[in-house]
Amino acid sequence: MGIAENAEQKMGEKTSLKHGSFTGLAENYSKYRPSYSNDVLNAILGITGKPVNEIDFVDVGAGTGIWTRLVADKGVASGIAIEPNDEMRGFGEKDSADKKIDWRNGAGEQTGLKDSSADLVSMASSFHWVDFDLGTKEFNRILRPGGHFTALWNPRHIEANPLLVEIEDALYDMVPHLKRFSSGRSGLGEVLTQKLTESPYFENVTYLEGYHLSKQTPEEYLGVWWSVNDIRVQAGEELFKRFMQYVEERTKGMDFIETTYQTRAWIAQSVK
């Protein structure tokens, strides 16, 4: 059985996804989703102006905790992960068993946390799913005076590898109406600097970006595709399965695929 067929069997032929729901995708998300730029993380921590070991950190929409663990490993005073999806949160708890991370059910619009309880709040590859006004109001509420909010994504920089451009072109040939929601290179990312600058809850907006190279086996590369939500919802299961079969054939026999990831981060200071 090929990678595509195996992943499709795990997901279930008749599963109907909804935008923003990662039920059924969490295992692939946990195993294959890429990391973020360590340099960007260090810059974010530096902008907070606090010693790392004094930062109370909250990651909202934490998914399976990829970004949460990166921050926790820097030695923050405390780390709380807020994730509304039970399956994603379950994998996050499992993957973070050796970390001092407190996993809780909650959402960007309603975290359930106390007023002025955090120094740094983040949303990694998830801020596009939150109501902007309600979310920023909530983050301002839970941040201490002078605290910071950061929204970040780690899209692929496909221009660095012609193979990735070829695969992307094939996707749009198959799904010409496709509109990306979760890519940090489109959608909210195009207007986020302006929206945060105009927000009554934040000021001193800074934009950061960094790149890192990941060498992925074909299984790992396909696993990332199998973990996406917005493409799969728009394409539908049958069309998405055909695309995945194409990708499997195109990458068959390769030792690895070089994928460059671009971490894009916006960080803003709370207005209290």
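A crossing of two helices is left-handed if the near helix is turned anticlockwise from the far one by less than a right angle, and right-handed if clockwise. That term comes up in the first close-up. The model is predicted, with local features needing pLDDT of at least 70 and side-chain atom pairs counting only at pLDDT 80 or more, while totals for chains, interfaces and linings use all residues. Numbering starts from 1 along each chain as its sequence is written, and side-chain values use heavy atoms, with hydrogens and water left out.

**Figure 1. Helices H7 and H11 pack against each other.** H7 covers residues 162-174 and H11 covers residues 237-251; helices here are DSSP runs of H or I with at least four residues, strands are runs of E with at least two, and both are numbered from the N terminus. Two packed helices are described by the angle between their axes and the distance between the axes. For this pair the angle is about 155 degrees and the axes sit 10 Å apart. (Axes are lines fitted to C-alpha atoms, for helices over the stretch in contact, and angles run from 0 to 180 degrees between N-to-C directions.) H7 and H11 are therefore roughly antiparallel, going by the rule that angles under 35 degrees are roughly parallel, over 145 roughly antiparallel, 65 to 115 roughly perpendicular and the rest oblique. The crossing is right-handed. On the H7 side, Leu 163, Glu 166, Ile 167, Ala 170, Leu 171 and Met 174 do the meeting. Their partners in H11 include Leu 239, Phe 243, Tyr 246 and Val 247. Contact means heavy atoms within 4.5 Å.

**Figure 2. Arg 144 and Asp 56 join up in a salt bridge.** The N-to-O distance is 2.9 Å; a salt bridge needs a side-chain nitrogen of Lys or Arg within 4 Å of a carboxyl oxygen of Asp or Glu. Arg 144 belongs to strand S5 (residues 143-153) and Asp 56 to strand S1 (residues 56-60), so the pair ties together parts 88 residues apart in sequence. Asp 56 is buried at 19% relative accessibility, whereas Arg 144 is partly exposed at 26%. (Buried is under 20% relative accessible area, exposed is over 50% and partly exposed is in between, using a 1.4 Å probe and protein chains only.) Zoom out a bit, and Lys 50 and Asp 119 join Asp 56 and Arg 144 in a network of salt bridges. The whole structure has 12 salt bridges.

**Figure 3. Glu 138 and Arg 141 pair up within helix H6.** Their closest N and O atoms are 2.8 Å apart in this salt bridge. Three residues separate them in H6 (residues 132-142), which puts them about one helical turn apart. Glu 138 is buried, with 8% relative accessibility, but Arg 141 comes out as partly exposed at 26%.

**Figure 4. Glu 237 and Arg 232 form a salt bridge between buried residues.** The side chains meet at 2.9 Å, N to O. Relative accessible area is 14% for Glu 237, and Arg 232 comes in at 2%.

**Figure 5. Ser 227 reaches Arg 33 through its side chain.** Ser 227 sits in the loop between helix H9 (218-226) and helix H10 (230-235), and is buried at 0% relative accessibility. Its side chain makes a polar contact with the Arg 33 side chain at 2.6 Å.

Figure 6. Ser 30, 36 residues away in sequence, has its C-alpha 7.9 Å from that of Ile 66.

**Figure 7. Ser 126 and Ser 199 are two buried loop serines.** Ser 126 lies between strand S4 (118-124) and H6, with 7% relative accessibility. Beyond neighbours within four places in sequence, Ser 126 contacts Val 60, Gly 61 and Trp 153. Ser 199 lies between helix H8 (192-198) and strand S6 (202-216), with 8% relative accessibility. The Ser 199 side chain reaches the backbone nitrogen of Tyr 201 at 3.1 Å.

Definitions and conventions
Polar contact = N/O pair within 3.5 Å; in protein donor to acceptor, adjacent residues only side chain to side chain.
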